[in-house]
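Please take a moment to look at the protein on the screen, and then we'll walk through it together.

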Amino acid sequence: MSDEHFDFFVIGGGSGGVRAARIAAGHGAKVGLAEANRLGGTCVNLGCIPKKLFAYAADYGLHLQDARGYGWRTGHRAFDWKTLRDAKDREIARLNGIYETMLKNAGVALHNGHARFVDTHSVAVGEQNVTADTILVATGGHPRLPDIPGREHLVTSDDMFCLAELPDSIVIVGGGYIGVEFARIMLGLGVRVTLIHHGDMVLRGFDMDIRRFVCKELASHGVELILNTEMTGVRRVDERSLTVETDAGRAHTCGLVLAAIGRRPNINGLDPDAANVETNAEGHILVDENHATSARHIYAVGDVSSALQLTPVALAEGHMVADMLFSGKPSRQMDYDCIPTAVFSNPPISAAGLTEEQARARGYDVETYSSRFTPLKHTISGRDERTLMKLVVDRKTHRVLGCHMAGLDAPEIMQGFAVALRLGATKDDFDRTIGIHPTSAEEFVTMRTPDAKRKP
């Protein structure tokens, strides 16, 4: 027998789930939400927010070095890991409280516990059973570990935010967002970094020019970059040392090994079969264009169902589902075209729209514009860091199909250009826009000569 009935019950208190619950309640629905851990999900607790705070911390060491070129004299430099870690914990606790207050003020009934399906309309949360007319699964994902000897010695990105102490050296396995970002963080905090990746370049899915550029920048900043190599095992040498073995026959000794090889959806213990909810081979819940599952009154959003594992995407999906179900207005579907994204590496990377390779694959006759330069800040800072900016343009219509950047302030710059691409801006629109001088961003509106016509 059900202890309580809801119009809408959300399983998962991360970005997508909290947004959906709050919006649905605002439309007048009776809403419940179950979360076994801290509110805010991966983004707040073990992802975007603490990662960005750590990236800021890593930057301060570089800023101190840069300052010398500007005449500042700094004394002895020392970094205290526990100060950063504990300050991060306080900020995350504050955000957890904000999420709880926000949900309670919206009238959402919170259930603290792990949820699992009992049947198509029933969910067990601990010892309590609830029923709902409509259910949303927004349980997110978790890092995966490779199936190799010594996997018990590996840590994941979840562990990196609560280390008792920093290692003197780290091997990072994986060349995606997480691996590249933690390479930047650890290097900036004074840790010796080796990054091992099975591919020939990091950051699959980004424009090839950006990927080549980032590989060079990683190496120039001091990351030992080992490509086309697989980790085959990890051995404990002593209390403070591990050895990573690879298919290249080379061993790498370090203090910590981070596996950053991807994530898996959180469906363990959810028992989707009990609700007739279908999943694919990787465990992602299958959804249609409205995020409905095979059980038509059950929906799924965010990392548990989407290949685009981005917080703003989960937020938008959750909002869309709540509006569709409870606003009384015509439904709208998510548009996944031209979603901007960023990698908080060193230098940071950001992109909106199509890569050159994607545009050509879709049949566009493409011309590109690019600029490589040393940003003004580093002309006298002494730091050897460059910037790459690139536009991908449809030669026929002059519409800007993609905007790509690796360099100082890239994520902040790209957000505005993503709006322009969303509105269908052409290269002529870019050319007619007056730049803000002196900034790096102005390069996007001052590139006039297509790459094919540039002199070598």
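Let me start with a question: in which sense do strand 20 and strand 21 pair, and over how many bridges? Strand 20, residues 387-394, and strand 21, residues 400-406, pair in the antiparallel sense over six bridges. Two strands count as paired if DSSP finds at least two bridges between them. Helices (H or I, at least four residues) and strands (E, at least two) are DSSP runs, numbered from the N terminus.

A word on where this comes from: it is a predicted model, so local features need pLDDT of at least 70 and side-chain atom pairs count only at pLDDT 80 or more, while totals for chains, interfaces and linings use all residues. Residues are numbered from 1 along each chain as its sequence is written, and side-chain values use heavy atoms, with hydrogens and water left out.

Back to our pair of strands. Within it, Val393 stands opposite Val400 in strand 21. Both strands belong to an open sheet of five strands, in the order 17-18-21-20-19, with antiparallel pairing. At the edges sit strand 17 (341-343) and strand 19 (366-373), each pairing on one side only.

There is another open antiparallel sheet, of three strands, in the order 11-12-13. Its edge strands are strand 11 (231-238) and strand 13 (251-254). Strand 12, residues 241-246, pairs with strand 13 over four bridges, and Val244 stands opposite His252 in strand 13.

Now let's zoom out. The protein has twelve helices and 21 strands. Its radius of gyration is 24 Å, close to the 23 Å that the globule rule gives for 456 residues, so the protein is as compact as a globular protein of that length. That radius is taken over C-alpha atoms, and the rule is 2.2 Å times the number of residues to the power 0.38. Along the principal axes, the C-alpha atoms fill a box of roughly 70 × 65 × 45 Å.

How much of the protein is buried? Buried residues make up 52% of the 456 residues; buried means under 20% relative accessible area, exposed over 50%, and partly exposed in between, with a 1.4 Å probe and protein chains only.

So what is inside? The largest nonpolar core has 40 residues, and those with the most contacts inside it include Met160, Ile170 and Ile172. Such a core is a set of buried Ala, Val, Leu, Ile, Met, Phe, Trp, Tyr and Cys residues joined through side-chain atoms within 4.5 Å. Apart from it lies another core of 28 residues, among them Val10, Val31, Ala292 and Met334.

Met324 is my next stop, in helix 8, residues 311-326. Met324 is buried, with a relative accessible area of 18%. Not counting residues up to four places away in sequence, Met324 touches Asn290, Tyr299 and Ser331. The C-alpha atoms of Met324 and Asn290 are separated by 8.5 Å, although the two are 34 residues apart along the chain.

Last, the cysteines: how many disulfides are there? With a disulfide taken as a pair of cysteine sulfur atoms within 2.5 Å, the count comes to zero. Cys403 is in no disulfide, and its nearest cysteine sulfur, that of Cys338, is 9.1 Å away. Cys403 is buried, at 0% relative accessible area.

Conventions:
Contact = heavy atoms within 4.5 Å.
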